[in-house]
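Start with the charged side chains when you look at this model. Where do they sit, and what do they meet?

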Amino acid sequence: MALFKKRTVGKPGEWYYCLEHKKVEEGPECPAKDRFGPYTSREEAQHAMDTARERNLEWENDPKWHDRTEETPES
């Protein structure tokens, strides 16, 4: 008995970016672990990697993320 074989049926107008095949898909063709989305347009999905890169930079530079104080070595 195969588990998790049911494929998600895509909806027209939902766009995804497949990380495995590096292509835009209308409706999910690949597993969720291999895609970004859904996006509202093909163009938005085409820029998925740029969007991810921008968000990662924002996250890395977020002062709330780096809220740990550095420990000073004891002398």
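A residue counts as buried when its relative accessible area is under 20%, as exposed when it is over 50%, and as partly exposed in between. Lys33 comes to 68% relative accessibility, so it is exposed. Keep those cut-offs in mind for what follows. The model itself is predicted.

First, the overall layout. The chain holds two helices and three strands. Along the sequence they run β-β-β-α-α. There are 75 residues, and 19% of them count as buried. The chain exposes about 6,900 Å², with carbon and sulfur atoms supplying 52% of that area. Take the contacts with a separation of 6 or more: residues 24 or more positions apart account for 20% of them.

Next, the core. In soluble globular proteins, nonpolar side chains tend to be buried together. Here the largest nonpolar core has six residues: Trp15, Tyr17, Val24, Tyr39, Ala45 and Ala48. Look at Trp15 within this group. Setting aside residues up to four places away in sequence, Trp15 touches Val24, Tyr39 and Ala45, among others. Its partners also include Glu25, Glu26, Gly37, Pro38 and Arg42. Two of these partners, Gly37 and Pro38, are joined by a cis peptide bond, with omega at about 15°. Pro38 belongs to strand 3.

Now turn to the buried charges. Which side chain of opposite charge is nearest to Arg35, and how far away is it? Arg35 lies in strand 3, which covers residues 35-39. Arg35 is buried, and the nearest side chain of opposite charge is Glu25, 5.9 Å away. A salt bridge needs a side-chain nitrogen of Lys or Arg within 4 Å of a carboxyl oxygen of Asp or Glu, so Arg35 has none. The Arg35 side chain does reach a backbone atom: the oxygen of Cys30, at 2.5 Å. Beyond its neighbours within four places in sequence, Arg35 is in contact with Tyr16, Tyr17, Cys18, Leu19, Pro28 and Cys30.

Glu25 sits in strand 2, residues 23-26. Glu25 is buried and has no salt bridge. The nearest side chain of opposite charge is Lys23, 4.6 Å away. Follow the Glu25 side chain to the backbone instead. A polar atom of that side chain lies 3.0 Å from the backbone nitrogen of Glu29. The Glu25 side chain also reaches the backbone nitrogen of Cys30, at 3.5 Å.

Glu29 is in the loop between strand 2 and strand 3. Its relative accessibility is 37%, so Glu29 counts as partly exposed. Glu29 and Tyr16 are 13 residues apart in sequence, and their C-alpha atoms are 8.6 Å apart. What does the side chain of Glu29 meet in a salt bridge? The partner is the side chain of Lys23, at 3.3 Å from N to O. Lys23 has 35% relative accessibility, so Lys23 is partly exposed as well.

How many salt bridges does a search of the whole structure find? The total is three. Another of them links Asp34 and Lys33, with the closest N and O atoms 3.4 Å apart. Asp34 has a relative accessible area of 14%, so Asp34 is buried, whereas Lys33 is exposed at 68%. The remaining pair is Asp50 and Arg53, with the closest N and O atoms 2.8 Å apart. Both lie in helix 2, residues 48-60. They are three residues apart, about one turn of the helix. Asp50 is partly exposed at 34%, and Arg53 is partly exposed at 47%.

One backbone detail remains. Lys22 has a positive phi of about 55°, although Lys22 is not a glycine. Lys22 is found in the loop between strand 1 (15-18) and strand 2. Its relative accessible area is 60%, so Lys22 is exposed.

Note on methods. Residues are numbered from 1 along each chain as its sequence is written. This is a predicted model: local features need pLDDT of at least 70, side-chain atom pairs count only at pLDDT 80 or more; totals for chains, interfaces and linings use all residues. Side-chain values use heavy atoms; hydrogens and water are left out. Helices (H or I, at least four residues) and strands (E, at least two) are DSSP runs, numbered from the N terminus. Buried means under 20% relative accessible area, exposed over 50%, partly exposed in between (1.4 Å probe, protein chains only). Lys and Arg count as positive and Asp and Glu as negative; His and the chain ends are not counted. A polar contact is a pair of N or O atoms within 3.5 Å; within protein, one must be able to donate a hydrogen and the other to accept it, and residues adjacent in sequence count only if both atoms are side-chain atoms. Contact means heavy atoms within 4.5 Å. Accessible areas come from the Shrake-Rupley method with a 1.4 Å probe; for residues, only the protein chains shown count as cover. A nonpolar core is a set of buried Ala, Val, Leu, Ile, Met, Phe, Trp, Tyr and Cys residues joined through side-chain atoms within 4.5 Å.
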